Amino acid sequence: MNSESSQFADQPTLAKPRSVVFANSKGGVGKSTLALMASLGIATLHPNSRVELIDLDVQKTSSDSLRRFENSRFSVLENEDFFLNSGSPNNGNLINHMGSDFPYSNNQKYIIFDSPAGNEPSRSTFLSHCDAIFVPTSVGDADVFATLHYLNELKTLFSRQKSNIDGPPPPVVLLPNMVDSREEFNELRNHFSSHAVFFGKPLYYAPIFRRAFRSDENDTSVAKLLRQAKPYIDWLTKLIRRADELPQKPKKLFQL
Ligand SMILES: Nc1ncnc2c1ncn2[C@@H]1O[C@H](COP(=O)(O)OP(=O)(O)OP(=O)(O)O)[C@@H](O)[C@H]1O
Ligand SMILES: [Mg+2]
C-alpha cells in the first residue's frame, strides 16, 4: 500500500457524508482553486471515496471546468433546488442533502462546496452543518480586511445558530494563499492572531495555479498542478478526512 492510501487506511467509514466548504465573501482569494485541488485530490488519492463537488457560484467556474473529470468516483452535482430564486443558497435543501446517506455503496462520500464571493454567512446557515469551513485568504490589505470581517460574521452566525445545531460549530481553517515568502506568511498570521481559528499551511504563489481551470490536451495543466502541489494537497485532504479530530475551538489562533 502506498503512503497516499495509507493515510486513510485507519479511518472507519463514516455514517454520513463528510461536507466541507471553501468560503469567503472576498473574491479572487482561491476558493475555487482550492475546492478543485481538494476534490480532485481526494478522488485520486483515495480509491474508496466518492467525491461530489457542489458549486454554489452562479458563474460555475468550478463545475463547468471540472465536469470533464467526472467518473464513478467524482461527480459535479448541479441542482437548482440548492438555490433560492434570489441566487442565495437554499439552506434547507442543502442541509437535507448533506445529511442524506449513501445507501448503495460502502464508499466514503465527500461533499466539497465551492461558494461565491459576496455570500453572507447570515444567509448561509448550511455553513454551521459542515464538518469544516475553509476560508482562503491572500495577503493584500483588502483581502485581509474582508477576511477579518468574514470571520466576525461567521462568529455571529454560530452564536445565532447555537440552539439549532447539535454539538459545537465546525472548525474554521484559514488557508493563506498566494503567499510570496515566509516573511509574508508570518505577517499574514499576525493579522489574525486574535482570532480563535485554525491557521493552515501556506500555499505559495505559482503561475501553474492560473491555469487550473484550463482544459488543454490531456489535461496537462491540471496534472502538472496536482503533481507540483502534491505535498499541499496531501496535507489538505488529510485535514478534510480528519476534520473531526481537530481540537475543540482553539482559544487563540492555532497554527496547523
Ligand atoms: N497559489 C496561487 N498562485 C497563483 N495564482 C493563484 C493561486 N491561487 C489562486 N490563483 C489564481 O487567482 C485567481 C483567483 O482564484 P479563484 O478563482 O480560485 O478565486 P475565488 O476565490 O474562487 O474567486 P471568486 O470569488 O471570483 O470565485 C485565479 O486566476 C487563480 O488561478
Ligand atoms: Mg470561485
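## Close-up views of helix packing and cores

**Figure 1. Helix H2 against helix H8 in the predicted model.** H2 and helix H8 (residues 230-241) pack with their axes 9 Å apart and at an angle of about 80°. An angle from 65 to 115 degrees counts as roughly perpendicular, so H2 is roughly perpendicular to H8. H2 contributes Leu34, Met37, Ala38, Gly41, Ile42 and Leu45 to the contact, while H8 contributes Tyr232, Ile233, Asp234, Leu236, Thr237 and Ile240. Sorted by class, the contact of H2 with H8 has nine nonpolar, two polar and one charged residues.

**Figure 2. Helix H7 against helix H8.** The axes of H7 and H8 lie 5 Å apart, and the two helices pack at an angle of about 75°. H7 and H8 are therefore roughly perpendicular to each other. On the H7 side the contact is made by Leu226, Arg227 and Gln228, and on the H8 side by Lys230, Pro231 and Ile233. Three residues of the contact of H7 with H8 are nonpolar, one is polar and two are charged.

**Figure 3. The buried face of helix H7.** Helix H7 spans residues 220-228, and Ser221, Val222 and Leu225 in this helix are buried. Seen down the axis of H7, the buried residues fall within an arc of 95°, so they line one face of the helix. An α-helix has 3.6 residues a turn, so residues three or four places apart point the same way. H2 is included in what covers the buried residues of H7.

**Figure 4. The largest nonpolar core and a second core.** The largest nonpolar core has 39 residues, of which Phe22, Met37, Ile112, Phe134 and Leu236 touch the most other members. Helix H2 (residues 31-45) supplies the largest share of this core, eight residues. A second, separate core has 31 residues, including Val21, Ile111, Leu188 and Leu253. In soluble globular proteins, nonpolar side chains tend to be buried together.

**Figure 5. The contacts of Phe22.** Leaving aside neighbours within four places in sequence, Phe22 is in contact with Lys31, Leu34, Ala35, Ala38, Ile112, Phe113, Asp114, Ser115, Phe134, Pro136, Leu175 and Leu236. Among these, Ile112, Phe134 and Leu236 are, like Phe22, members of the largest nonpolar core that touch the most other members.

**Figure 6. His195 in a loop.** His195 is found between helix H6 (182-191) and strand E7 (198-199). The relative accessibility of His195 is 12%, so His195 counts as buried; the cut-off for buried is under 20%. Not counting residues up to four places away in sequence, His195 touches Leu148, Leu151, Asn152, Lys252 and Leu253. Leu253 also belongs to the second, separate core.

How values were computed. Residues numbered from 1 in each chain as written. Chains lettered and ligands numbered in written order. Predicted model: local features only at pLDDT ≥ 70, side-chain atom pairs only at ≥ 80, totals over all residues. Heavy atoms only, no water. Core = buried A, V, L, I, M, F, W, Y, C linked by side-chain atoms within 4.5 Å. Buried < 20%, exposed > 50% of the residue type's maximum accessible area, 1.4 Å probe, protein only. Helix = DSSP H or I, 4+ residues; strand = E, 2+ residues; numbered from the N terminus. Contact = heavy atoms within 4.5 Å. Arc of directions from axis to C-beta. Axes fitted to C-alpha atoms, helices over the stretch in contact; angles between N-to-C directions. Parallel < 35°, antiparallel > 145°, perpendicular 65-115°, else oblique. Nonpolar A, V, L, I, M, F, W, Y, C, P; charged D, E, K, R; others polar.
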